[in-house]
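This report goes through one protein model in steps. Look at the sequence and the structure before reading on.

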Amino acid sequence: MDQTKMRILSAAAKLFDIHGYKGTSVRHIAEEAQVNSALISYHFQGKQGVLETLIASYFDTLFRLVEEQEIEYKNAPPYERLEQIIGLYLRFQCEHAPITRLIQRELSVESMLAREVLTLYISRWKHGLSRVIDIGIASEEFQSVSADKIVLAVISQMTYPFLQAQMVRQVYDLEPYSEEFALWLQASIMRYLRACLLDA
């Protein structure tokens with residue numbers, strides 16, 4: 001991707017995080033990126049195209065990392081595979097906090113974009129977690145449980161802090177985008193999974 005497009009995307013990510021998608025104009029993005037507004041239309045067909053590119057790039061990168069990790073841990077026990085994939089998701093979300101927050105905010109509003117993101121990306125995320133749980137159940141390493149209910153709870157735990165960052169700071173005295181927080185949340189999620197999947 002060329003430097004101009006990267007500057008536009010970086011500027012948009014910053015402004016969407018601060019002002020929200022609706023509160024950010026093409027002119028604001030152009031000023032922040034120090035480009036002519038016509039270039040945003042040329043490269044992305046407008047603000048919606050910028051948002052869609054940010055989201056697609058985020059998930060494409062995440063799923064590439066997940067695929068690489070799946071190859072590395074394909075022979076590991078299902079519980080260890082879950083631990084690795086959840087750790088990867090949490091670190092990725094923290095490292096890309098502005099886009100993570102943006103995506104979670106957009107998903108909280110009923111819209112065509114939210115439906116597309118849920119269909120294209122979140123369902124793939126859910127499927128990846130469900131598949132590992134189903135493997136553990138089939139091999140009798142995990143108890144027979146509803147994988148869908150477990151995955152819903154896990155995804156909720158992983159995404160909530162990005163919608164309620166201030167609550168995490170006030171109640172838990174943790175910075176929700178720090179490595180410390182990612183490790184704390186991973187340990188918490190794994191305790192939940194152990195109780196649901198392993199403990200009799």
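## About the model

This is a predicted model, in which local features need pLDDT of at least 70 and side-chain atom pairs count only at pLDDT 80 or more, while totals for chains, interfaces and linings use all residues. Residues are numbered from 1 along each chain as its sequence is written, and side-chain values use heavy atoms, with hydrogens and water left out.

## Overall build

The protein has 10 helices and 0 strands. Helices here are DSSP runs of H or I with at least four residues, strands are runs of E with at least two, and both are numbered from the N terminus. Along the principal axes, the C-alpha atoms fill a box of roughly 60 × 35 × 30 Å.

Of the 200 residues, 44% are buried. Buried means under 20% relative accessible area, exposed means over 50%, and partly exposed lies in between, using a 1.4 Å probe and protein chains only. The protein exposes about 10,800 Å², and carbon and sulfur atoms supply 52% of that area. Accessible areas come from the Shrake-Rupley method with a 1.4 Å probe; for residues, only the protein chains shown count as cover.

Contact means heavy atoms within 4.5 Å. Among contacts between residues at least 6 apart in sequence, 68% join residues at least 24 apart.

In soluble globular proteins, nonpolar side chains tend to be buried together.

Leaving aside neighbours within four places in sequence, Leu82 is in contact with Leu129, Val132, Ile133, Phe142, Met190, Leu193 and Leu197.

Thr24 is in the loop between helix 1 (3-19) and helix 2 (26-33). Thr24 counts as buried because its relative accessible area is 2%. A polar atom of its side chain lies 3.2 Å from the backbone oxygen of Leu15, and the backbone oxygen of Gly20 lies 2.8 Å from a polar atom of the Thr24 side chain. A polar contact is a pair of N or O atoms within 3.5 Å; within protein, one must be able to donate a hydrogen and the other to accept it, and residues adjacent in sequence count only if both atoms are side-chain atoms.

Thr159 is in helix 8 (residues 147-163) and is buried, at 11% relative accessibility. Its side chain reaches the backbone oxygen of Ile155 at 2.9 Å. Not counting residues up to four places away in sequence, Thr159 touches Gln93, Gln104 and Trp125. Thr53, in helix 4 (residues 47-72), is partly exposed at 23% relative accessibility. With the same exclusion of residues up to four places away in sequence, Thr53 touches Leu9 and Phe44.

## A surface patch

Which residues make a nonpolar surface patch? Val171, Tyr172 and Trp184 make one of about 310 Å². Patches are made of residues with over 30% relative accessible area and no salt bridge; like charges are joined within 9 Å, and nonpolar side chains (Val, Leu, Ile, Met, Phe, Trp, Tyr) within 5 Å. A salt bridge is a side-chain nitrogen of Lys or Arg within 4 Å of a carboxyl oxygen of Asp or Glu.

Trp184 is in helix 10 (residues 179-197). Its relative accessible area is 34%, so Trp184 counts as partly exposed.
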